[in-house]
Amino acid sequence: MISDFFHPNVGGVENHIFMLSANLIRRGHKVIVITHSHPPDRVGVRWLLPGLKVYYIPFPAIASSATLPNYFTFLPYFRVIIAREHIHLIHAHASLSSLGQEAILHAHHLGVRTVFTDHSLFGFEDAASILTNKLLAAALKNVDAVICVSHTGRENTVLRGQLFEMSEDSSALVVRPNVYVIPNALVAEQFTPATKPVSSETIYIVVLSRLAYRKGIDLLVATAPRICSAFPNVNFIVGGDGPKLNDLLQVRERHLLQDRIELLGPVRHRDVRDVLVRGSIFLNTSLTESFGIAILEAACAGLYVVSTRVGGVPEILPHDMISFAKPEEDDLIRALSEAVAIVSKGQHDPLEAHQKVKNFYNWGEVAERTEIVYDAVVKSEQKDLWTRMQRTMELGPFAGPIYTIILVVDCLFFLFLEWLMPRHDLDFVQMHWEHHNFRHVVQ
Amino acid sequence: MSSEADGWNKVLWERQPFPDNYIHPHSFLSSLRRNPNFKPYTYWPLVLLCCAITQHLATIFTFLAVFVRLKERWLDARVLLWVSIVSFFGGYAMYEILSYSNPVRDAFTRSNTIKSSLLVFLALMGLSPVLRTLTAATSSDSIWALSACLFFLNALLADYSSMKPVRQERLTSVLSMNAAISSSVVLASRLPDDLAVFALVLFAVQLFALFPILRHQLQVTPQVAQILFTLTLCVLSFALTLPLSVSVAYIYAGISITVTFVAPGVLVWAQKYKNEIRGPWDVAVPRLN
């Protein structure tokens, strides 16, 4: 697994990589993770709990844990690590991770197959998106498989990365056959519902998100006073921090709702479940969401969910567990009123919801489906250098030649490294953590 | 969720009887919308809107012609001064007449306007000796280059938008005015005597700070009036530039014609390449009451 986003950072991508690696190890594979270092001293090789070896490469990170995009500085480290660990396949995560995209570029020198997972949705219009999309299209031209976390995510990735090929009879452009949809999952045991039922007189609506524009806090600020005045027995619990905290504080003061809207500030990941079980309804007002793991965590903890119908959210839960609203104030009020009615009548059973979500999403299944992808990739044919160069040239009149030159220089750099640090001098890894050995020793 | 005929659902919570890379032919990219907000441009209305740019270019070249004449002492500074004062009052009167429909003026604003214009006039008069020696240490070549860059910036960033009911000041329009005033100050410092400096800078303030406001108002007038006004300005600036340098005059004429007639044509032709993609992945715009 190669990504910029890993432990000790906390987030959706990081969690996904860790859980997927843990489950693949449980299925008997050997997994290592390569990521960048964190100051002051998290550099080098570390081990994480279920036998996961993590390499922290000494690259400095700029904004929000992403490293600077470059094409060649990662190659020496990559070559040495992949060769000494006898790796067969690399799996890169997150389109904003330059380590991942570089790894896809370098992998073919060592005969290693590549898989890429895209976790987020991007637009097409602003300058940052245009640049990132072009870089992504270049990286994905020669990747062996692409995994997306939702159907909407797949449509978005296919359009952004231009994952089209000429069909066999050269008549039209069709989507590549190696784009898969494998959803995220969650550990259901960490999000069990409340053991004793919440009081039915007051209904608590829980909101847990970063308080930023992208998460639709403007909608929350507009609807909270109206809901509080329409339903005297409904209170809000808002957790999280961000630039829009001031707006919430102001609306609370303006309408004198200090005892109806409780602001918790930043909530740590291990305390999320305790906050969730205090409520009966979870409100998500995001303006864009590729999967919505927070919604799943809330549904798993037994809450009824109200969410805006954006991105991949319509695909994750059946209709009886979630109410959708357009990202408009009036529609959100309608959906919340519906949710309050359902919960007051007791039509939503938290324990049943928990069981359902437990069956829908689990990491074992995700690992199994990912293994099928790996299998298909390993069995397919590796493209040779000439094909790669031709495919890269198809990128366009300017980007094509530029990326082909990068590819060729990369090959030359690799040959230089083969001469400078020959393979037989490398320190190959002889032993790895084997769980049955550990059990044998311990018993 | 939408259930398709062959049993494929666009859901993630249920494992489908299809492999993970199955793409359903009908529902894939079914919510993709191409160019939903497409309002096609037509040629002649675009040409009319481009008249604002032509007027601006005309004012720049008029200013440059006046500057060269002042420098060569072919124009008396006092004549220019009287022209500035008369055109200020004329322009102000026209502005009042044109904004008759929405009178934001009352006695207080009017007296404020008179007060501030008087203040600017006297301040410039007091500052002109200082301005004359501003760039004494710089050679003329760098002055011409600097002035050209600043005028280019002014033309690039000027506010060419059509009449809006409330005129918002954008950062770029303030920047463009600043560029023009800096350029004229820098040019004025090459002039031989104080009165000429004062006259030129006053003329510049009128042309680049006050005239754009009037130009905005003029866009409410009927089309014939606008075209006539643009034509007058262009002919005037061309006539002023021609005796000074034939090549510059023809270059200016070329630029004017390109901007007014060729550029809209290119924009209309390029519309066929417009490819705006909208879908469920876009960041939604929240609608609040």
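**Ground rules.** I number residues from 1 along each chain as its sequence is written, with chains lettered from A and ligands numbered from 1 in the order in which they are written. The model is predicted, and local features need pLDDT of at least 70, side-chain atom pairs count only at pLDDT 80 or more, totals for chains, interfaces and linings use all residues, and side-chain values use heavy atoms, with hydrogens and water left out.

I looked up the second largest pocket, which holds about 1100 Å³ of space. On a 1 Å grid over the protein atoms alone, a pocket is an open set of points where a 1.4 Å probe fits, with protein on both sides within 12 Å along at least five of seven lines, and lining residues have an atom within 4 Å of a point. Grid points are joined across faces, edges and corners, and the volume is the space filled by probe spheres set on the points. Helices H1 (43–71), H2 (77–98), H3 (107–132), H6 (194–218) and H7 (223–241) of chain B each give at least two lining residues, and H2(B) has the largest share with eleven. Helices here are DSSP runs (H or I, at least four residues), strands likewise (E, at least two), numbered from the N terminus.

**Ring pairs.** I found 25 aromatic pairs over all chains, where rings of Phe, Tyr and Trp (its six-membered ring) pair if their centres lie within 6.5 Å, and planes under 30 degrees apart count as stacked, over 60 as edge-to-face and the rest as tilted. A:Phe59 lies in the loop between strands S3 (52–57) and S4 (61–62) of chain A, while A:Tyr77 belongs to helix H2 (residues 75–84) of chain A, 18 residues apart. A:Phe59 counts as buried at 13% relative accessibility, and A:Tyr77 as partly exposed at 34%; buried means under 20% relative accessible area, exposed over 50%, partly exposed in between (1.4 Å probe, protein chains only). Ring pairs also join A:Phe59, A:Phe74, A:Tyr77 and A:Phe78 into a cluster.
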